[in-house]
Amino acid sequence: MIYIVCFLVSAIGGLLVGGIGTGSSLLLLPTLVLVLDQVLPATDSVRFAAGTTMATIAIGAIAGGVSRFRARQVDMGLVRLLILPYTLGAFAGPWVAAQLSSPALKTYIAGLVILIAARLFFGTRPTRENQLELAPRRFEIACVLTLIALLSSRGGIAYGVFAIPYLMRFALPMQTVIGTSTVGAGIFASFGTLGYILSLIHI
């Protein structure tokens, strides 16, 4: 029964990533925390849940990113800009999480999930007026995306719900923002997964 629940939740999460570029962790992470609490020590379950969520995000995002790339909905210049921020933030997040106690990490994750749910259901859609140009703000973009990646990977959460509204401020079509964010999610989650694996081995 546990495997069926995880399969269904992962499938729905994959559809969300491929469709809107984000949202899978809102379903999968709380489910895995509850499931793994039953089979692993409390000190390990939340970190394994976060790491496993990152791995599933990577798989779904890579598949979705390939589809978006074939549909010409990916801005490769922006992809090159976000590679380093997402790599650094995603890889560092699990090591920061490893310094927290299990209850503190659960509280942090719960806060992120609530924030994401509020953003998805009650957040206003960003305006497309007065769009900004990417080139003059490359340093700002790199800093903001690094912070988003760090805070998101710390809890095993997909970053898209925060990154997509931010990137929509710039002069890019909405489908390109989502497609590029999906490709970025593959980079982010792959390095986040690696970070969790190495931090768990180190612990």
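Tutor: The conversation below goes from the fold to the core, the aromatic pairs, the salt bridges and the surface. This is a predicted model, in which local features need pLDDT of at least 70 and side-chain atom pairs count only at pLDDT 80 or more, while totals for chains, interfaces and linings use all residues. Residues are numbered from 1 along each chain as its sequence is written, and side-chain values use heavy atoms, with hydrogens and water left out.

Student: How many helices and strands does the protein have?

Tutor: The protein has 8 helices and 0 strands, taking helices (H or I, at least four residues) and strands (E, at least two) as DSSP runs numbered from the N terminus. Along the sequence the pattern reads α-α-α-α-α-α-α-α.

Student: What percentage of the residues is buried?

Tutor: Of the 203 residues, 45% are buried. Buried means under 20% relative accessible area, exposed means over 50%, and partly exposed lies in between (1.4 Å probe, protein chains only).

Student: And what share of the contacts comes from residues 24 or more positions apart?

Tutor: Such residues account for 83% of the contacts with a separation of 6 or more, a contact being heavy atoms within 4.5 Å.

Student: Which residues have the most contacts inside the largest nonpolar core?

Tutor: They are Leu 29, Tyr 86, Leu 145, Tyr 159 and Phe 188, in a core of 47 residues. A nonpolar core is a set of buried Ala, Val, Leu, Ile, Met, Phe, Trp, Tyr and Cys residues joined through side-chain atoms within 4.5 Å.

Student: Which elements give two or more residues to this core?

Tutor: Helix 2 (24-36), helix 3 (42-70), helix 4 (76-97), helix 5 (102-122), helix 6 (138-154), helix 7 (160-167) and helix 8 (174-202) do.

Student: What does Phe 188 touch?

Tutor: Not counting residues up to four places away in sequence, Phe 188 touches Met 54, Tyr 86, Ala 90, Ala 149, Ser 152, Ser 153, Ile 157, Ala 158 and Tyr 159.

Student: How many aromatic pairs are there?

Tutor: There are 2 aromatic pairs. Rings of Phe, Tyr and Trp (its six-membered ring) pair if their centres lie within 6.5 Å; planes under 30 degrees apart count as stacked, over 60 as edge-to-face and the rest as tilted. The rings of Tyr 86 and Phe 188 have centres 6.3 Å apart and planes at 70°, so this pair is edge-to-face. It links distant parts of the chain, since Tyr 86 is in helix 4 and Phe 188 in helix 8, 102 residues apart. Both Tyr 86 and Phe 188 are buried. Tyr 166 and Phe 170 also form an edge-to-face pair, at 5.5 Å centre to centre and 75° between the planes.

Student: Are Tyr 166 and Phe 170 buried or exposed?

Tutor: Both Tyr 166 and Phe 170 are buried.

Student: Changing topic, how many salt bridges are found?

Tutor: The whole structure has 2 salt bridges, each a side-chain nitrogen of Lys or Arg within 4 Å of a carboxyl oxygen of Asp or Glu. One joins Arg 137 and Glu 140 (2.9 Å, N to O). In the other, Glu 140 meets Arg 169, with the closest N and O atoms 3.6 Å apart. Glu 140 lies in helix 6 and Arg 169 in the loop between helix 7 and helix 8, so the pair ties together parts that are 29 residues apart in sequence. Shared partners join Arg 137, Glu 140 and Arg 169 into one network.

Student: Why does Arg 169 count as partly exposed?

Tutor: Arg 169 counts as partly exposed because its relative accessibility is 33%.

Student: Finally, in helix 8, is Ser 199 buried or exposed?

Tutor: Ser 199 is buried, with a relative accessible area of 2%. Ser 199 touches Pro 94 and Trp 95, not counting residues up to four places away in sequence. Ile 197, also in helix 8, is partly exposed at 44%.
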